[in-house]
Amino acid sequence: MYLLATDFGIYWLHRWLHVKSVYALLHKPHHKWIVPTPFASIAFHPVDGWVQSLPYHICVFLFPMHKVLYLVLFTFVQLWSILIHDGEYFTHDPVINSAAHHTVHHLYFNYNYGQYFTLWDRIGGSYRQPNDEIYNTELRSTKSVYVKQAKEVDAMVTSLADTQKSK
């Protein structure tokens, strides 16, 4: 229950951090790493880091637990954050928010906000399945893949800009 509840909180807070004005102020430093690295897992604006820690601190009141368990789970969160930023795609599981899913988030910005699972992204309409190029080390490090990804990101940014102009 703790993992589902904190994942729910992180999903919505992370999605809020991608609102244009909030993103520019707080979350953009984290996205300097288009291809995530373990360092990116801790590279946050201090307020961004504090905001994303809130679900873990609030959930302890919803799900009372021993202080040692709380510290173990909070340590697990830190390790998980490193794992989803380390570029080691250990699973193709569509339920687990793996490093591949989080790489999609860093490449395309508006997908895969969840921490542990893809459930809230699926419900919220922000799920994007990683393609085979992300899982294949040889394919993902080729220039043609980088060019293709850059074109997709540019098209998405242009589309968002056009949407903002029409409002």
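**Exercise 1.** Which residues do ring pairs link into a cluster?

Solution. Keep in mind that this is a predicted model.
- Step 1: Look for rings whose centres lie within 6.5 Å, since that is the cut-off for a pair. The count comes to 11 aromatic pairs.
- Step 2: Follow the pairs from ring to ring, and you get a cluster of Tyr2, Tyr56, Tyr70 and Phe74.

**Exercise 2.** Find the arginines that lie over the face of a tyrosine, and give the distances.

Solution. 
- Step 1: Start at Tyr127: Arg122 lies over its face, 3.9 Å from the ring centre.
- Step 2: Now go to Tyr108, where Arg128 lies over the face at 4.0 Å from the ring centre.

**Exercise 3.** Is helix H5 mostly covered or mostly uncovered?

Solution. 
- Step 1: Find H5 at residues 99-108.
- Step 2: Use the cut-off for buried, under 20% relative accessible area. In H5, 10 of 10 residues pass, so the helix is mostly covered. Among the buried ones are His101, His102, His105 and His106.
- Step 3: Step past the end of H5 and you meet Phe109, with a positive phi near 70°.

**Exercise 4.** Describe the second largest pocket and its lining.

Solution. 
- Step 1: The space in this pocket is about 350 Å³.
- Step 2: Of its 22 lining residues, Ser41, Phe44, Gln52, Gln78 and Ser81 are the closest to the centre.
- Step 3: Sort the lining by class: 13 polar, 8 nonpolar and 1 charged.
- Step 4: Check the helices. H1, H3 and H4 each supply at least two lining residues, and H3 gives the most, with 5.

How values were computed
Residues are numbered from 1 along each chain as its sequence is written. This is a predicted model: local features need pLDDT of at least 70, side-chain atom pairs count only at pLDDT 80 or more; totals for chains, interfaces and linings use all residues. Side-chain values use heavy atoms; hydrogens and water are left out. On a 1 Å grid over the protein atoms alone, a cavity is a set of points where a 1.4 Å probe fits but cannot get out, and a pocket is an open set with protein on both sides within 12 Å along at least five of seven lines; lining residues have an atom within 4 Å of a point. Grid points are joined across faces, edges and corners, and a volume is the space filled by probe spheres set on the points. Helices (H or I, at least four residues) and strands (E, at least two) are DSSP runs, numbered from the N terminus. Ala, Val, Leu, Ile, Met, Phe, Trp, Tyr, Cys and Pro count as nonpolar, Asp, Glu, Lys and Arg as charged, and the others, Gly among them, as polar. Rings of Phe, Tyr and Trp (its six-membered ring) pair if their centres lie within 6.5 Å; planes under 30 degrees apart count as stacked, over 60 as edge-to-face and the rest as tilted. A charge sits over a ring if NZ of Lys or CZ of Arg is within 6 Å of the ring centre and within 35 degrees of the ring normal. Buried means under 20% relative accessible area, exposed over 50%, partly exposed in between (1.4 Å probe, protein chains only).
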